[in-house]
Amino acid sequence: MSATEQPAPANKANTDDDGMSWWYRWICKIGGVIGGISCAVAGVWNCVTVNPLNIAAGVWMVLNACVLFLCEVPFCCQFIDFANAVAARADRLKPWQKAIFYCGMALFPVFLSFSITTLFGNAIAFATGVLYGLASLGKKGDAVSYARLQHEKQADEEKLTGTTEGEPQ
């Protein structure tokens, strides 16, 4: 290796680069846990029927609960050997990817069997996906940078039209 070459940085999974603060990350995780609990309870309740579509939606909801628990709180699944690997992979996902994944998982049972149980059982899991989607939008800008941007935009428009504020037309 020559003097100009730099060693490549170690490829580590850094979760702080997605722009989420620690408290927002915890809100998303708590939402995932509560969403998993609601999916599991409503899924089991949905399976107590004769309609095969309700049973299929209930089984899917219980599987959603398992996936939410594996991704958000792997310490709840210590008896599963691959839980930490799944959680590490889920932590490497970007927030918009988690948002699409969680919202898609929550919508499928509702489309399969539309009922109050599937709707309310998946609502919190869907809300967790929405929270991750909002995190992917990034932080809100401050007023000073927004005013500077608006001032630059106005100056660019004046250059294009060739007028300034003080000149009569």
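Of the 169 residues of the protein, 28% count as buried, where buried means under 20% relative accessible area, exposed means over 50%, and partly exposed lies in between, for a 1.4 Å probe and protein chains only. The model is predicted, and local features need pLDDT of at least 70, side-chain atom pairs count only at pLDDT 80 or more, and totals for chains, interfaces and linings use all residues. Residues are numbered from 1 along each chain as its sequence is written, and side-chain values use heavy atoms, with hydrogens and water left out.

The protein holds six helices and zero strands. Read from the N terminus on, its elements run α-α-α-α-α-α. Helices here are DSSP runs of H or I with at least four residues, strands are runs of E with at least two, and numbering starts from the N terminus. Residues 24 or more positions apart supply 64% of the contacts with a separation of 6 or more, a contact being heavy atoms within 4.5 Å.

The packing of the helices comes next. Two packed helices are described by the angle between their axes and the distance between the axes. The axes are lines fitted to C-alpha atoms, for helices over the stretch in contact, and the angles run from 0 to 180 degrees between N-to-C directions.

Helix α4 (residues 95-112) and helix α5 (residues 116-137) have axes that come within 7 Å and cross at roughly 165°. That makes α4 roughly antiparallel to α5; angles under 35 degrees count as roughly parallel, over 145 as roughly antiparallel, 65 to 115 as roughly perpendicular, and the rest as oblique. The crossing of α4 and α5 is left-handed, a term used if the near helix is turned anticlockwise from the far one by less than a right angle, with right-handed used if clockwise. On the α4 side, the residues making this contact include W96, A99, Y102 and A106, and on the α5 side they include L119, A125, F126 and Y132. By class, the contact of α4 with α5 has 15 nonpolar, six polar and one charged residues. In this division Ala, Val, Leu, Ile, Met, Phe, Trp, Tyr, Cys and Pro count as nonpolar, Asp, Glu, Lys and Arg as charged, and the others, Gly among them, as polar.

Helix α5 also packs against α1. The axes of α1 and α5 come within 8 Å and cross at roughly 160°, and the two helices are therefore roughly antiparallel to each other. α1 passes α5 in a left-handed crossing. The contact of α1 with α5 has 13 nonpolar, 10 polar and one charged residues.

Helix α4 has a further partner in α2. These two helices pack at an angle of about 160°, with their axes 8 Å apart, and α2 and α4 are therefore roughly antiparallel to each other. Their crossing is left-handed. Among the residues in this contact are W60, M61 and L68 of α2 and F101, Y102 and M105 of α4. The contact of α2 with α4 divides into 15 nonpolar, one polar and two charged residues.

In soluble globular proteins, nonpolar side chains tend to be buried together. The largest nonpolar core in this model has 15 residues, and those with the most contacts inside it are M20, Y24, C28, L68, Y102, A125 and Y132. A nonpolar core is a set of buried Ala, Val, Leu, Ile, Met, Phe, Trp, Tyr and Cys residues joined through side-chain atoms within 4.5 Å. The elements giving two or more residues to this core are α1 (22-46), α2 (52-72), α4 and α5. α4 gives the most, with four residues.

Individual residues complete the picture. Leaving out residues up to four places away in sequence, Y132 touches M20, C28, K29, E72, P95, W96, K98, A99 and Y102. Of these, K29 is found in helix α1 and is buried, with a relative accessible area of 18%. Beyond its neighbours within four places in sequence, K29 is in contact with C71, E72, D91 and Y132.

A123 lies in helix α5 and has a relative accessible area of 36%, which makes A123 partly exposed. A123 and A106 are 17 residues apart in sequence and 7.4 Å apart in space, C-alpha to C-alpha. I55, in helix α2, is partly exposed with a relative accessible area of 32%. I55 and S113 are 58 residues apart in sequence, and their C-alpha atoms are 9.0 Å apart in space. Not counting residues up to four places away in sequence, I55 touches N46, C47, T49 and V50.
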